[in-house]
Amino acid sequence: MNLQIDISNECKNSCPICISKMHKPFPFNEASKHVWLNGLKRGRELCDTATISGRGEPLLFTENTQTGRLWALFKSFQQVDNIFKQVDVQTSGTEFSANSLNMMSDCNVSTVAISVANMFSSEQDLAFKGRRHLDYRISTLCDRVKSWRFTLRLTVLLNTMHSVPYPEELIDYAGLLGADQLTFKELKIPENSQALLKSSWIKRNKMKPYLVNELRAYIEKEGVPIPNTNPSLYKLFGMTVALDEDCMSETRYLVLRPNGKLYYSWNSVVPIE
Ligand code: SF4
């Protein structure tokens with residue numbers, strides 16, 4: 001089972017599909033430290049792997065922010081026995097810095113997953129993330145991740161910006177960027193009626209179902225299936241490739257909130273114990 005660590009409640013981006021900012025952040029303060037560490041220990045007893053994620057951007061941290069304090073606690077945990085041996089970080093890529101790379105290395109992070117709305121154009125990807133005037137190059141980010149010897153996963157959002165090339169070109173380009181793992185993420189219209197902006201963006205921009213089906217058929221035909229994986233994983237062009245309809249639907253996981261409590265899902269409001 002995987003422990004999803006909700007480490008961040010802040011983000012400078014404004015992606016049109018974001019629903020994170022609709023949720024009230026969970027509280028954390030100096031007095032919560034030991035409660036959070038106890039929750040992390042309990043999470044380690046129940047889970048073998050961890051994913052650092054959140055309702056914001058996990059690499060947006062300084063020492064005095066909640067995200068920075070939670071990273072520091074996680075680092076202290078990772079420096080003792082019985083640590084998580086596999087730790088993934090899911091990031092938008094806009095906040096990479098020497099500090100964040102150092103912190104991930106100190107925390108024994110193995111895989112860095114960068115989410116991209118347009119793999120081919122850093123300018124359009126940055127515009128999707130609602131940022132301007134940032135020194136942001138997807139190829140440079142990928143090179144930095146690889147030069148620090150992290151495994152690189154690209155999470156590619158399937159929208160019209162990825163509709164033009166044929167499936168093999170999409171996969172080939174991810175390989176050129178150095179991806180070890182590639183996850184195509186289909187965009188679903190949210191059921192939450194508060195997410196009207198997100199819904200209308202997805203309706204207008206999601207990849208057409210026949211193209212998603214072509215991509216799926218290509219992966220299944222050309223890829224070598226990896227047994228006992230859910231969602232199904234394939235080896236293709238030297239990468240591990242998945243087409244994920246809903247990355248959380250079948251995955252067994254728990255969520256550790258900043259309040260130190262564990263939950264069965266991202267939407268749960270009642271802790272497990
Ligand atoms: S990077 Fe994530 S948290 Fe930040 S605006 Fe985009 S979707 Fe929301």
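Let's start at Ile138. Leave aside its neighbours within four places in sequence. Which residues is Ile138 then in contact with? They are Val116, Met119, Ser122, Asp125 and Leu177. Keep in mind that this is a predicted model.

Where does Ile138 sit? Its place is in helix 5, residues 138-147. Is Ile138 buried, exposed or partly exposed? Count the other C-beta atoms within 10 Å: there are 19. A buried residue needs 20 or more, and an exposed one has 12 or fewer. So Ile138 is partly exposed.

Now a contrast. Take Ser105, in helix 3, residues 98-106. Ser105 has 12 other C-beta atoms within 10 Å. The limit for exposed is 12 or fewer, so Ser105 counts as exposed. From Ser105 to Leu40, the C-alpha separation is 19 Å, with the two residues 65 apart along the chain.

Let's zoom out. The protein has eight helices and 11 strands. How do the 11 strands line up? They form an open sheet, in the order 7-8-9-6-5-4-3-2-1-10-11, and the pairing is mixed. The edges are strand 7, at 224-226, and strand 11, at 262-263, and each pairs on one side only.

A quick reminder on sheets. Strands pair through backbone hydrogen bonds, either parallel or antiparallel.

Look at strand 1, residues 2-8. Six of its seven residues are buried, so strand 1 is largely enclosed by the rest of the structure. What pairs with it? On strand 2, residues 49-54, the pairing is parallel, over six bridges. Find Ile5 there: its bridge partner in strand 2 is Ile52. Strand 1 also runs parallel to strand 10, residues 253-256, and four bridges join them. Here Leu3 has Leu254 as its bridge partner in strand 10.

Next, move along to strand 6, residues 181-186. Strand 6 runs parallel to strand 9, residues 239-244, and five bridges join the two. Leu182 stands opposite Val241 in strand 9. Helix 6, residues 167-176, packs on the sheet. Which strands does helix 6 touch? Strand 5 (151-158), strand 6, strand 8 (233-236) and strand 9. The direction of helix 6 makes about 130 degrees with that of strand 9.

Last, the whole protein. Along its principal axes, the C-alpha trace spans about 55 × 40 × 40 Å. For 273 residues, a compact globule would have a radius of gyration near 19 Å. The protein has 18 Å, which agrees. Of its 273 residues, 35% count as buried. And how far along the chain do contacts reach? Take contacts between residues at least 6 apart in sequence: 73% of them join residues at least 24 apart.

Key
Residues numbered from 1 in each chain as written. Predicted model: local features only at pLDDT ≥ 70, side-chain atom pairs only at ≥ 80, totals over all residues. Rg over C-alpha atoms; globule rule 2.2 N^0.38 Å. Contact = placed C-beta atoms within 7 Å. Pairing = 2+ DSSP bridges. Axes fitted to C-alpha atoms, helices over the stretch in contact; angles between N-to-C directions.
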